[in-house]
Amino acid sequence: MNKFDYIIIGGGIIGLTIARELKKREPRSTVCVLEKEADVAAHASGRNSGVLHAGFYYTANSLKAKFTKEGNQAMRAYCQQHGLRINECGKLVVARDESELAGLEELKRRADNNGVELIWLDEGDIEVIDPNARTFRKALYSPTTASVDPIEVCQMLKHENMANGVDFRFHTRYRKHRDDLIFTSAGTYQFKYLINAAGLYADSIAHDFGFGVSYTIIPFKGMYLKYTKNKTDVATNIYPVPNLGNPFLGVHYTKTVDGSIKIGPTAIPAFWRENYSGLHGFRLKEFIQIVGYEAKLFATNSFNFRRLALEEMRKYIKSSFIGLGMSLVQHIDPQGFGPFLRAGIRAQLLHKETLELVQDFVIEGDQYSMHVLNAVSPAFTCSMPFAVYVVDQMMELRGGAIS
């Protein structure tokens, strides 16, 4: 029997930062991370853009607004402390026409409410930031947006956790639970408290414990194209004005930690949870369930899903995808893009009754377990203060620490 005070399911950024926070508070407690893959950050945490967001997209009363600003500062400090790479490239949000100016105004209001620095620029001003950026009349500049290498960060967190006594069990897939026992593909584990940070499978594990019953995960595939011609044609992150009615930010230019340029991501509805390419990760039960919900969304057109799905499917066509990126800049060589990069899957929570996408972070739990149900972008940026919040909620429900 493997007995631990705390067992965390999932070795992504949320599981790693929660483990770190637990050991900071309770150094003598025993903590184990169960991960079904061969290493940490095999899914969303290692496949995201690496952008550290500033915190101006979210309404002031949301957890995302609170934690993005704090998380940006915490992750910067962590990278500096451990000598990890960070690209202080900033971000421009540009308008393509007059209809998008109101969206810029709303983003500025949110930034001001959240205490986040966001600077108005006119068409002439943006040349100082990035002479290739294109906007209609004005744009917004975020100086605190930066880029890191997400895998590098997760590996450092893993090694720090190991040094602090956290036990990692890889190739260990959750099967089911009974009372204080977890049955896995690699044996049985006993816990005093369980934290479910399983990302794409967080909802199904939560359901086993009686939580998250109003929700299900709908996966969306995010793909990027790398600009292989050079690293100089775009100098900063360039984003369009997003549709604030859904949680996707639209196709944009990202400057990676090494200065490379890529466009993306897509938000293509996926048909099973690990629908990266081909039949990878195919499970018939998942396919039937997810396609069933997507058919409902298409029929009801909830949150304009029909339009979103059709627009996103067109992004499989490389020329169409590149065309969206070209609208944000003065010039770019459409022949300068390489093949699609490794895809990621966004584990987006859907409310089963309202058929609406859940915009904010969601956790549910009791004195025995806590379930992180919706930790999508900007969860990587938010991870450190979000972990503090999760552990605070656990301690309140338990009535204190274990050890």
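A residue counts as exposed when its relative accessible area is over 50%. In this predicted model, Ile288 has 54% relative accessibility and is therefore exposed. Ile288 sits in helix α8, which spans residues 284-300. Together with Leu279, Phe282 and Leu284, Ile288 forms a nonpolar surface patch. The accessible area of the patch is about 440 Å².

Helix α2 (44-47), helix α6 (150-163) and strand β17 (261-264) each contribute at least two lining residues.

Side chains of opposite charge can pair when their charged atoms come close. The structure contains 24 salt bridges. One of them joins Lys192 to Asp5, with 3.3 Å between the closest N and O atoms. This pair connects distant parts of the chain, as Lys192 lies in strand β12 (residues 187-196) and Asp5 in strand β1 (residues 2-9), 187 residues apart. Lys192 is partly exposed, at 48% relative accessibility, whereas Asp5 is buried, at 10%.

A salt bridge also forms between Arg137 and Glu98, at 3.8 Å. Here, too, distant parts of the chain are linked: Arg137 is in the loop between α5 (126-129) and β7 (138-142), and Glu98 in the loop between β5 (91-94) and α4 (101-114), 39 residues apart. Arg137 is partly exposed, at 45%.

Arg169 and Asp167 pair at an N to O distance of 3.1 Å. Arg169 is partly exposed at 23%, and Asp167 is partly exposed at 25%. Glu21, Arg25 and Asp392 form a salt-bridge network.

Terms used:
Residues are numbered from 1 along each chain as its sequence is written. This is a predicted model: local features need pLDDT of at least 70, side-chain atom pairs count only at pLDDT 80 or more; totals for chains, interfaces and linings use all residues. Side-chain values use heavy atoms; hydrogens and water are left out. Patches are made of residues with over 30% relative accessible area and no salt bridge: like charges are joined within 9 Å, nonpolar side chains (Val, Leu, Ile, Met, Phe, Trp, Tyr) within 5 Å. Accessible areas come from the Shrake-Rupley method with a 1.4 Å probe; for residues, only the protein chains shown count as cover. A salt bridge is a side-chain nitrogen of Lys or Arg within 4 Å of a carboxyl oxygen of Asp or Glu. Helices (H or I, at least four residues) and strands (E, at least two) are DSSP runs, numbered from the N terminus. Buried means under 20% relative accessible area, exposed over 50%, partly exposed in between (1.4 Å probe, protein chains only).
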